[in-house]
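Visitor: Could you walk me through how the helices pack here? I'd like to take it slowly.

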Amino acid sequence: MSHLLQPFLDYVFMQRALLGTVAIALSATPVGCFLTLRRMSLMGDAMSHAILPGVAVGFLVSGLSLGAMTVGGIVAGLAVAVLTGAVTRATGQREDASLAAFYLISLALGVLLVSLRGSNVDLMHILFGSVLALNDAALRLLCVIATLTLVTLAVVWRPLVLECVDPTFLRSVSRWSGPVHLVFLGLVVLNLVAGFQALGTLLSVGMMILPALCARFWCRNLGPMVALAMGVAIAASVAGLVASYEWSLPSGPAITLSLGAIYLFSLICGPKDGILARFRPRPHFHS
């Protein structure tokens, strides 16, 4: 155990990486749990691509400027969310189809914009992140977004849960439905932009969705599910960073693959619809 903790005790860059990933874990995983419950898991993936043009514009204007790329990513993500809703209402096309179209356009446009000015190194930095190179400004941004997300979720928790369970009932008894949905979309975009700082646009969604999917195999109640998802995300972050340090692996993919390993274990062994659970004999009910 001491051998595993030694890199975090000896190197400041490992401490920064751990703090950054823990902030993302505490912030993004509750949002991912709600996405999972709403059967919108793939929306996170689509939105992670949708922020890329804004990040690319920020890069073209100011280079690898944290502030410019963050603002650009937020604007682009919110714009895609609004356009998706507008097209769905105006044409009758399903929301998932509209979102798929816009995210594919956004991904291609973002890669093209970065390629116009940047090098392959810049493109890899934007797509896959640099968690081992987080500076003070990036850490402050991650901690601020984590705090803002947790406070916002505490405020809108009840209507957000109700919207997951019965959105029609919420619309009939309250005016919260529309604002809550917009706030939730804002949190999705905000956390994907935060994850981009450490894991890049292509891997940030992994920290949001995979822990929630893992927790779903172990519990059904939302509170324990969120707590377990946070624990899974933090454990995978530590494991991925240690693997990255020990074997000179890229840190972002190492963290995501650690999450993937936990997901596969949960898929097989989880008591709630895991593969092995389906073969266990079920208790008989007696009258």
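Visitor: At what angle do α11 and α13 pack?

Guide: Helix α11 (residues 204-216) and helix α13 (residues 251-269) meet at about 15°, with axes 9 Å apart; the axes are lines fitted to C-alpha atoms over the stretch in contact, and angles run from 0 to 180 degrees between N-to-C directions. That makes α11 roughly parallel to α13, a term for angles under 35 degrees, with over 145 counted as roughly antiparallel, 65 to 115 as roughly perpendicular and the rest as oblique.

Visitor: Which residues make that contact?

Guide: From α11 come G206, M207, L210, P211, L213 and C214, and from α13 come I255, T256, L259, G260, I262, Y263 and S266, with contact meaning heavy atoms within 4.5 Å. By class, nine are nonpolar, four polar and none charged (Ala, Val, Leu, Ile, Met, Phe, Trp, Tyr, Cys and Pro count as nonpolar, Asp, Glu, Lys and Arg as charged, and the others, Gly among them, as polar).

Visitor: Before we go on, what sort of model is this?

Guide: It is a predicted model, in which local features need pLDDT of at least 70 and side-chain atom pairs count only at pLDDT 80 or more, while totals for chains, interfaces and linings use all residues. Residues are numbered from 1 along each chain as its sequence is written, and side-chain values use heavy atoms, leaving out hydrogens and water.

Visitor: Where is confidence lowest?

Guide: Confidence, given as pLDDT from 0 to 100 for each residue, is lowest in helix α7 (residues 120-128), at a mean of 66, and highest in α12, at 92.

Visitor: And how do α4 and α5 pack?

Guide: Helix α4 (residues 52-62) and helix α5 (residues 66-91) pack at about 150°, with axes 6 Å apart, and are therefore roughly antiparallel. Their contact is made by G54, V55, G58, F59 and S62 of α4 and A68, M69, G72, G73 and A76 of α5.

Conventions:
Helix = DSSP H or I, 4+ residues; strand = E, 2+ residues; numbered from the N terminus. pLDDT = per-residue confidence, 0-100.
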